[in-house]
Amino acid sequence: MRFLILVLASLLALPAQAALNVFATVPEWGALAREIGGDKVDVFTATGGLQDPHHIQARPSLIARARNADLLVATGAELEIGWLPLLQRESGNPRIQTGQPGLFEAARQVAMKDLPTRLDRAEGDIHPGGNPHIQTDPRNILAVGAALTERMAQLAPADASVYRANWKAFSERWQAAIARWEKQAAPLRGVPVVVQHKAFPYLEDWLGLKDVAALEPKPGVEASVAYLGTLLGRVAGAAPRMVLVAAYQSPQAAEWFGREAKVPVVVVPFTIGGNERAKDLFGLFDDTIDRLVGALK
Amino acid sequence: MNRTSIAVLAASGLLASLPASAADADLNALRDEIRQLRDSYEQRIAALEARLAQAENQAGAAERSAREATVTASQKPASEAAFNPGIYAILSGTYTRLSQDPRHYSIGGFVPPGDEIGPRRRGFGVGESEIGLSANVDQLFRGQLTISLPPEGGGAEVEEAYIQTLGLGHGATLKAGRFLSGIGYLNGQHPHSWDFADAPLVYKAMLGGQLRNDGVQLKWLAPTDLMVELGAEMASGGPFPSTDRNSNGVTVGTLSAHLGGDIGVSSNWRAGVSLLATSPRDRAYDDTNAAGADVTNAISGRSRTWVADAVWKWAPNGNPTERNLVLQGEYFHRHESGSLAYDVNGAGLAGDYASRQSGFYAQAVYQFMPRWRIGYRYDRLDSGTTSIGLEKSGLLSAADFPVLASYRPQRNSLMLDWTPTEFSRLRLQFARDQSRPDATDNQLWLQYIVSLGAHGAHRY
């Protein structure tokens, strides 16, 4: 018993960390917070590039990390609905509760696409707030980053000038990079593509890709071979040039379709850690654009 | 257009820098003219650039206002209904095939806490329907109400009705009301999220299915990267193994400590120890005495249950969508001592009573391809040897307490389930249940469980 009290006392006496503690649900927001915060921020990222952010469990390590977070950065739009509310409740952390400045939802900073006109679970795994995969358009990163900088500045006023300076430098580099990517991706404009999951509306909008079909009959519902067969006939007229699939998803359906339709399967990293090259935000888009342009050849 | 003018200017610049040879005066005049031309072009380009920048700004503003318009348009109109809590309903149904009569179900050597522990019935039947409401009450509290509707009728039952703090800080959370106790692992989960169609034998025998407390719960999370969670509960009332005491004091207390963390990217774990302490008064149970007459006996005294639980989950790259494996097990040990009253409605004899009972289950559930899981569970209980004063003193014999006769029940269960979406599950389960000393029950379940409405987050 005395030992237990000693242990508890030593835990309570742990020094408060100076840096802002950021808990990011997905790698892209973790990376963004790191770009803004530099060494004035301690970032924990709950998921990796090969994990499906829809299906994560509120496992013990996440509860422990959420307990100490000053700022929780989530995508929102119900992407993390299956686990984030539980983390908020189990963490006993008042700072990250809904309505507190310590909860930042990226999806609130951008114009959402694919807003469903009918809310019915028979439509598959739809999100009432719109498609949550906003990170595939680098212009969204800019909008989210600007708002995140101000939120971080609000929570840690002492470091506000550092955050703003870091953000200014990053956003200048990012804008230059967007111009570079747009130039490189010019041949992709108007190219018809097939996607595995409806995960790319923002990327398609940015690059002017033409989405002719999704392999999933409904969002989150796997395609049967029979369904893929009919789809093959249906999209033949549109002459898709490639099949897009995110690294965290099983490529089986895409590979089957690619083989039958004789089009390349492009596995894009989708987020940081999706592949070897996607180590940071720049690497993520460098690799994505290279793969997309490469598939045209 | 800009590009063309720049090219013209560049060409004229080249022209202007040509080496002077003859007719210098003419050339100088020409140069002046070109310079003037260039200056005027530069002014016009600057003006054009300014206009372009302005137009871009306006376009940006238009885009922003369009974005704001989209955001506004997507918001629901204000109404009272906008504050409705999240509502969900759980529906389930089974087809059960049992080789033994469920009305005579018992767990040998253990005092059954009621008629809810066995399989409900043979043939087709609906399970308990469950309705839940939950929402943040305000910035301080969250409320949850879960009502279950037993298929036999008899009115709705309040499964859970509690409030929980949102902002106590320092990792503390306080819960008050009726809630699922935080002891063990499975106890905190709703039956619809269990991996098998029924509870482990040890939960049935030691907790009467699941422990719900009417009281308060305090949980504290340590500020460490390794999850360290300590919990304590104080409650009154009479869920098994306790009884209603008509007392102002706390009659049920629990303590629990859980640790958890990750092992690399692919696996994670949680393990802990809990204690449930209570003092039942006149906890009655039915038995048949040596003469074959039905008697009601009652136990009073103190009851201490220790629970050790552990779960380990694995998924390649931590992505459970394709394949994953979950191993879990819990061990219970209960020590009870006090007095046993024999035939409380008749003879009314009383004597000492002491028992040490234990049991465990261990299970493995493997998702071998998306949406399909297979699982195996082994259950084992040991009733130990119950010490009964009335028997030792020779007043009564062991044949007067057949329910308490020493026995080691066991059960093997095998299940296969298909989960097409997060909201529906179909399950096939087969069990060979040796809970009864005299017969083996071969059980087959076909079950569906679906959830409607608000997207509930499932506990770890």
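Which order do the strands of the open sheet in chain A follow, and is their pairing parallel or antiparallel? I took this up as the opening entry, keeping in mind that the model is predicted. I found 4 strands in the order 6-5-7-8, with parallel pairing. At the edges I noted strand 6 (210-214) and strand 8 (265-268) of chain A, each of which pairs on one side only.

Strand 7 of chain A, residues 242-246, pairs with strand 8 of chain A in the parallel sense over 4 bridges. Within that pairing I located Val245(A), whose bridge partner in strand 8 of chain A is Val267(A). I also checked what packs on the sheet here, and found helix 9 of chain A (residues 252-261), which touches strand 5 (192-195), strand 7 and strand 8 of chain A. The direction of helix 9 makes about 170 degrees with that of strand 7 of chain A.

I turned to the domains of chain A. The assignment gives domain 1 as 18-111 + 124-179 and domain 2 as 186-294, and the C-alpha centres of these two domains of chain A lie 26 Å apart. Where they meet, I recorded 25 residues of domain 1 of chain A in contact with 24 residues of domain 2 of chain A. On the domain 1 side, the elements that give two or more residues are helix 2 (27-37) and helix 5 (138-155) of chain A, and the largest share, 5 residues, comes from helix 2 of chain A. By class I noted 10 nonpolar, 9 polar and 6 charged residues on that side of domain 1.

I then moved to the contact between the chains. Here 36 residues of chain A are in contact with 40 residues of chain B. Which elements of chain A give two or more residues to the side that touches chain B? They are helix 3 (60-67) and helix 4 (84-91) of chain A, with helix 3 of chain A giving the largest share, 6 residues. Sorted by class, this side of chain A has 16 nonpolar, 13 polar and 7 charged residues.

My last entry concerns chain B itself. Its secondary structure comes to 4 helices and 19 strands, and buried residues make up 32% of the 460 residues in chain B. Taking contacts in chain B between residues at least 6 apart in sequence, I noted that 59% join residues at least 24 apart.

Technical notes. Residues numbered from 1 in each chain as written. Chains lettered and ligands numbered in written order. Predicted model: local features only at pLDDT ≥ 70, side-chain atom pairs only at ≥ 80, totals over all residues. Domains from an automatic or database assignment. Contact = placed C-beta atoms within 7 Å. Nonpolar A, V, L, I, M, F, W, Y, C, P; charged D, E, K, R; others polar. Pairing = 2+ DSSP bridges. Axes fitted to C-alpha atoms, helices over the stretch in contact; angles between N-to-C directions. Buried ≥ 20, exposed ≤ 12 C-beta atoms within 10 Å, placed from the backbone.
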